[in-house]
Amino acid sequence: MRRRGDEETGRRRDGKSRQKPEDDPRHSHASNRAALPRVSAFPRLHISESPTLTHRPSKRLGQNFLNDGRIIDRIIQALDPRSDETIIEIGPGRGALTAQLVENSAAVVAIEFDRNLIAGLLERFGSNENFKLVQNDALVTDFCFEIKPAAQARVVANLPYNISTAILQRLIQQRSCLTEMILMLQREVVERITAPAGSTDRGYLSVVVEAYCETERLFDVAPGSFRPIPKVWSSVVRLKVRPRPAVSVKDEALLLQVVSAGFAQRRKTILNNLRSAPTELQELIKLHGGASIVLCQAEVDLRRRAETLTLEEWARITQAIE
Ligand code: SAM
């Protein structure tokens with residue numbers, strides 16, 4: 001779930017969270033790295049500690065819990081978990097989606113950051129052989145490692161709003177072991193990631209998602225389906241990881257650098273944005289004759305703005321400097 005303020009910059013550039021050290025699971029030893037089926041590294045609960053009784057939703061962790069059985073069912077139907085597959089759930093929270101996942105999948109790997117929710121999740125699902133709980137920040141989690149012995153998994157998540165785009169980028173980075181993601185995001189974010197060339201909503205993330213995933217917008221979710229009630233609507237989207245990127249460039253990291261530089265200042269033309277690209281990229285562009293020559297070679301009009309460029313055009317600019 002996400003609301004206003006859900007920015008691609010929602011995290012520090014070094015990818016670390018803004019959590020205080022005492023809240024940061026990386027400072028604890030609770031993160032479970034045992035192979036499936038399940039965790040037992042957590043202390044037993046006393047009834048008085050039960051998080052279902054004491055847990056207060058944290059705004060900072062984007063905790064707007066699903067509270068609508070019909071929406072939960074629609075998400076599960078969209079995912080349609082199979083009894084022979086591994087499902088990763090990011091941010092299980094109080095387990096709204098987890099219950100049906102545990103029932104229907106071969107293995108569920110749930111990654112929860114909030115240590116205050118861990119005991120409640122274990123209390124509810126810990127006895128299921130196919131449930132593994134990882135207390136960690138999804139932004140630094142190695143998904144491909146956590147799903148072992150499985151080689152591939154699908155992802156489902158009602159993402160915390162403030163870092164949803166950062167988590168999405170992390171998932172795309174780790175796409176080698178992911179085949180599909182059913183994600184609930186702030187509606188504006190879904191509009192951005194599904195925006196075609198020419199739309200004012202198009203941005204860096206739209207191009208990156210298009211390069212690596214086929215997207216299908218599934219349905220919108222009203223604020224009243226969550227507790228606490230957020231201020232904005234959400235949308236559920238299906239992202240199918242492409243077996244190969246939609247465009248072929250030799251250097252995919254360079255493609256991402258070019259797109260990022262192109263969108264640096266939305267009101268500027270692509271020419272001016274490439275001229276003021278970060279030093280390393282500028283050097284490369286100069287080596288190939290400068291930004292105008294590169295754009296001419298790529299057959300992209302110098303006066304265009306980044307949001308009008310198609311993925312193929314971004315790829316042609318990249319190919320011109322590879
Ligand atoms: N899945 C539950 C539901 O639908 O009711 C909870 C969704 S709530 C919008 C987001 C969940 O993500 C919360 O449980 C929150 O603690 C967790 N979370 C927040 N930041 C996280 C992070 N960096 N890594 C993993 N989980 C995180």
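Let me begin with a term: a crossing of two helices is left-handed if the near helix is turned anticlockwise from the far one by less than a right angle, and right-handed if clockwise. Hello everyone, and keep that in mind for the pair I'll show you.

This is a predicted model, where local features need pLDDT of at least 70, side-chain atom pairs count only at pLDDT 80 or more, and totals for chains, interfaces and linings use all residues. Residues are numbered from 1 along each chain as its sequence is written.

The protein has 13 helices and nine strands; these are DSSP runs numbered from the N terminus, H or I of at least four residues for helices and E of at least two for strands.

Now to our pair. Helix α8, residues 204–212, packs with helix α9, residues 252–262, at an angle of about 155 degrees, and their axes are 9 Å apart. Axes here are lines fitted to C-alpha atoms, for helices over the stretch in contact, and angles run from 0 to 180 degrees between N-to-C directions. The two are therefore roughly antiparallel, a label for angles over 145 degrees. And the crossing of α8 past α9? Which hand does it have? It is right-handed.

Who touches whom? From α8 come Y204, V207 and V208, and from α9 come L256, V259 and S260, with contact meaning C-beta atoms, placed from the backbone, within 7 Å.

Finally, L255, V258, V259, A261 and G262 of α9 are buried, that is, 20 or more other C-beta atoms lie within 10 Å of their own. The buried residues of α9 pack against α8, α10 (270–275), α11 (279–287) and α13 (311–321).

Key: Parallel < 35°, antiparallel > 145°, perpendicular 65-115°, else oblique. Contact = placed C-beta atoms within 7 Å. Buried ≥ 20, exposed ≤ 12 C-beta atoms within 10 Å, placed from the backbone.
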